Amino acid sequence: MKKDIHQDVYIGIACAALCVVIFFMNHGLPGGAGAMPLLLDAILAVLSVVIFVGGLRKSKLPAEERKGEKKAFTLDAVKIPFIFWLIVAGYVLLFYVTGYFVATAVMMIVMMLFMKRKDWKTMLIIDVVYLVIMYFVFVRMLGVNIDGFGLLGRLF
């Protein structure tokens, strides 16, 4: 009888591989600049191990105890995360072209629509309040240089 491996095992391995890539991308950063990426990478690595070990435990369960679970990696299981990552990729592209404020305003509306929120007034209020707070906290108070209009700003 073939033993099914739970999908969390594969997810844990993929996350651990991502941690290795992130580590090699950031381990050469000077001084304090590399501390936060490496710290976040270490947290992600620990969580990857937790997911992996949990998947191994679930794989060892008898088949009758796992009857309610879906089979690993069905189209339904990966459809929503894949759409989400496509939206994030679109955000990155839009960020490069239009800059932080425009891309973030669009991304927040798109994500709220993706999560089936329908109240436009609330969505716009959340969007505007968030961007105003980010502007005053990061640009005005902390002096962070947020590129105004990305690639479009450089063209004009």
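A residue is called buried here when its relative accessible area is under 20%. With that cut-off in hand, let's explore this predicted model together.

**Exercise 1. Getting an overview**

Find which elements the protein is built from, and what share of its residues is buried.

*Solution.* 
- Start with the elements: the protein has six helices and zero strands. Read from the N terminus, their order is α-α-α-α-α-α.
- Next, apply the cut-off for burial: of the 156 residues, 21% are buried.
- The accessible surface is about 11,600 Å², and carbon and sulfur atoms hold 75% of it.
- Finally, look at contacts between residues with a separation of 6 or more: 64% of them join residues 24 or more positions apart.

**Exercise 2. Following helix α2**

Compare the span of α2 with the expected one, then work out which element its buried residues pack against.

*Solution.* 
- Locate α2 at residues 35-60, a helix of 26 residues.
- From first C-alpha to last, α2 reaches 38 Å, close to the 38 Å expected at 1.5 Å a residue.
- Now pick out its buried residues: D41, S48, G55 and S59. These buried residues of α2 pack against α1.
- Zoom in on S48, which sits in helix α2. S48 counts as buried because its relative accessibility is 2%, under the 20% cut-off.
- Leaving out residues up to four places away in sequence, S48 touches G12, C15, A16 and C19.

**Exercise 3. Finding the largest nonpolar core**

Name the residues of the largest nonpolar core and decide which element gives the most to it.

*Solution.* 
- List the members. The core has eleven residues: I87, V88, Y91, Y100, F101, A103, A105, M107, M111, L131 and M134.
- Ask which elements give two or more residues to this core: they are α3 (75-98), α4 and α5.
- Of these, α4 gives the most, with six residues.
- Follow one member, M107, beyond its neighbours within four places in sequence: M107 is in contact with I87, V88 and Y91.

**Exercise 4. Reading helix α5**

Which residues of α5 are buried, and what do they pack against?

*Solution.* 
- Begin with the span: α5 has 22 residues and reaches 30 Å between its first and last C-alpha, close to the 32 Å expected at 1.5 Å a residue.
- Its buried residues are M123, D127, L131 and M134.
- The buried residues of α5 pack against α4.
- Two of the names return from the previous exercise: L131 and M134 belong to the largest nonpolar core.
- Step just past the end of α5, where G143 has a positive phi of about 70°.

**Exercise 5. Pairing aromatic rings**

Describe how the rings of Y100 and F101 are arranged, and say whether each residue is buried or exposed.

*Solution.* 
- First, the total: the structure contains seven aromatic pairs.
- One of them joins Y100 and F101, with 5.2 Å centre to centre and 75° between the planes. Planes over 60 degrees apart count as edge-to-face, so this pair is edge-to-face.
- Y100 has a relative accessible area of 15%, so Y100 is buried. F101 is buried too, at 19% relative accessibility.
- Another pair is Y135 with F136, also edge-to-face, at 5.3 Å centre to centre and 80° between the planes.
- Here Y135 is partly exposed, with a relative accessible area of 31%, and F136 is partly exposed at 45%.

Definitions and conventions. Residues numbered from 1 in each chain as written. Predicted model: local features only at pLDDT ≥ 70, side-chain atom pairs only at ≥ 80, totals over all residues. Heavy atoms only, no water. Phe/Tyr/Trp six-rings, centres within 6.5 Å; stacked < 30°, edge-to-face > 60°. Buried < 20%, exposed > 50% of the residue type's maximum accessible area, 1.4 Å probe, protein only. Helix = DSSP H or I, 4+ residues; strand = E, 2+ residues; numbered from the N terminus. Expected span 1.5 Å × (residues − 1). Contact = heavy atoms within 4.5 Å. Core = buried A, V, L, I, M, F, W, Y, C linked by side-chain atoms within 4.5 Å. Areas by Shrake-Rupley, 256 points an atom, 1.4 Å probe, with all protein chains shown as cover.
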